[in-house]
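Welcome, and thanks for taking a look at this one. Please open the structure below and keep it at hand while you read the briefing.

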Amino acid sequence: MLKLVGVETFYGKIKALHGVSLSVEEGQLVCILGANGAGKTTILKTICGITEPEYGTIHFNDERIDHKDPEDIIKMGISLVPENRRIFPELSVYENLMMGGFLIKEKELFEERIERVTSHFPILSKRGSQRAGTLSGGEQQMLAIGRALMLDPKLLLLDEPSLGLSPKLVKEIFTIIKDLHKSGVTILLVEQNVNHALRIADYGYVLTTGKIFLSGTYEELLDEEKVREQYLGEGKYVRRSKLWSGR
Ligand SMILES: Nc1ncnc2c1ncn2[C@@H]1O[C@H](COP(=O)(O)OP(=O)(O)OP(=O)(O)O)[C@@H](O)[C@H]1O
Ligand SMILES: [Mg+2]
């Protein structure tokens, strides 16, 4: 469904992605793991057309998309839930969902989508008229995901959905992602929460400084002592790396 080959993205003269190749098959939940600054967000932005790759190709359902406009890419069925949610805090919950459905012309289809999104997130219908900025962190994340689902994407890109949430809410968000996946949504998930992400993913890629360093299933990556010791055992992963010992 999605295939990146040798993708290189620059910010000015600085190369952020050094030949990234990865693929997502229809129905899969694939995760990209990596530390701060590894290039995770840049991969998602490059897929969405927000930043253009200098080299390499990106295909979505056999169509080349690496130099298309972001709006055309959205229309093809790729939706992004950006880092730090980026909801519109001054608008109501309902208005935020409306913004997500900006391409929908028919009122009936719009109402149908609202219904579907609120069936995934009942809290959003209860809070419809509340100003989005006053929602809790977890509710804001649900709104950000709900907003992206308004266009019924074929592929959902999630950028660190668990960031800044309490352990209880992190668990809840991962359960929601797992349920979305079960309901048939193909997902590319970017995370630093290694244990949670790999547990629900079909396949994982480990990214270091703009390069794919390793890839495999949970079990395969778990076997990689290199990942645990050299990569996941460093810095902010010290605490989390302990999680690798038990599933
Ligand atoms: N707009 C920009 N201009 C210049 N450099 C940038 C820009 N955005 C990102 N970078 C650089 O590109 C590299 C990759 O950044 P990116 O945001 O993709 O990392 P990340 O893996 O998402 O990190 P984090 O986990 O902190 O969100 C970093 O070195 C970052 O400083
Ligand atoms: Mg990021």
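Asn61 counts as partly exposed because it has 13 C-beta neighbours inside 10 Å, and a residue is called buried only with 20 or more and exposed with 12 or fewer. Please keep in mind that this is a predicted model.

*Loop residues*

- Asn61 is not a glycine, yet its phi is positive, at about 50°.
- You will find Asn61 in the loop that links β6 (55-60) and β7 (63-64).
- Asp152, also a non-glycine residue, has a positive phi of about 50°, and its place is the loop between α6 and β9 (155-159).
- With 17 C-beta neighbours inside 10 Å, Asp152 counts as partly exposed.

*Around ligand 1*

- The residues around ligand 1 include Tyr11, Ile14, Asn36, Lys40, Thr41, Thr42 and Glu83.
- Which helix gives the most to the shell around ligand 1? Helix α1 (residues 40-48) does, with 3 residues.
- Sorted by class, the shell holds 4 nonpolar, 6 polar and 2 charged residues.

*Helices α3 and α6*

- Helix α3 (residues 93-100) and helix α6 (residues 137-149) have axes that come within 7 Å and cross at roughly 35°.
- The crossing in which α3 passes α6 is right-handed.
- On the α3 side, Val93, Asn96, Leu97, Met99 and Gly100 make the contact, and α6 brings Leu143, Gly146, Arg147 and Ala148.
- By class, this contact of α3 with α6 has 5 nonpolar, 3 polar and 1 charged residues.

Methods:
Residues are numbered from 1 along each chain as its sequence is written. Chains are lettered from A and ligands numbered from 1 in the order in which they are written. This is a predicted model: local features need pLDDT of at least 70, side-chain atom pairs count only at pLDDT 80 or more; totals for chains, interfaces and linings use all residues. Axes are lines fitted to C-alpha atoms, for helices over the stretch in contact, and angles run from 0 to 180 degrees between N-to-C directions. Helices (H or I, at least four residues) and strands (E, at least two) are DSSP runs, numbered from the N terminus. A crossing is left-handed if the near helix is turned anticlockwise from the far one by less than a right angle, and right-handed if clockwise. Two residues are in contact if their C-beta atoms, placed from the backbone, lie within 7 Å. Ala, Val, Leu, Ile, Met, Phe, Trp, Tyr, Cys and Pro count as nonpolar, Asp, Glu, Lys and Arg as charged, and the others, Gly among them, as polar. A residue is near a molecule or strand if its C-beta atom, placed from the backbone, lies within 6 Å of it.
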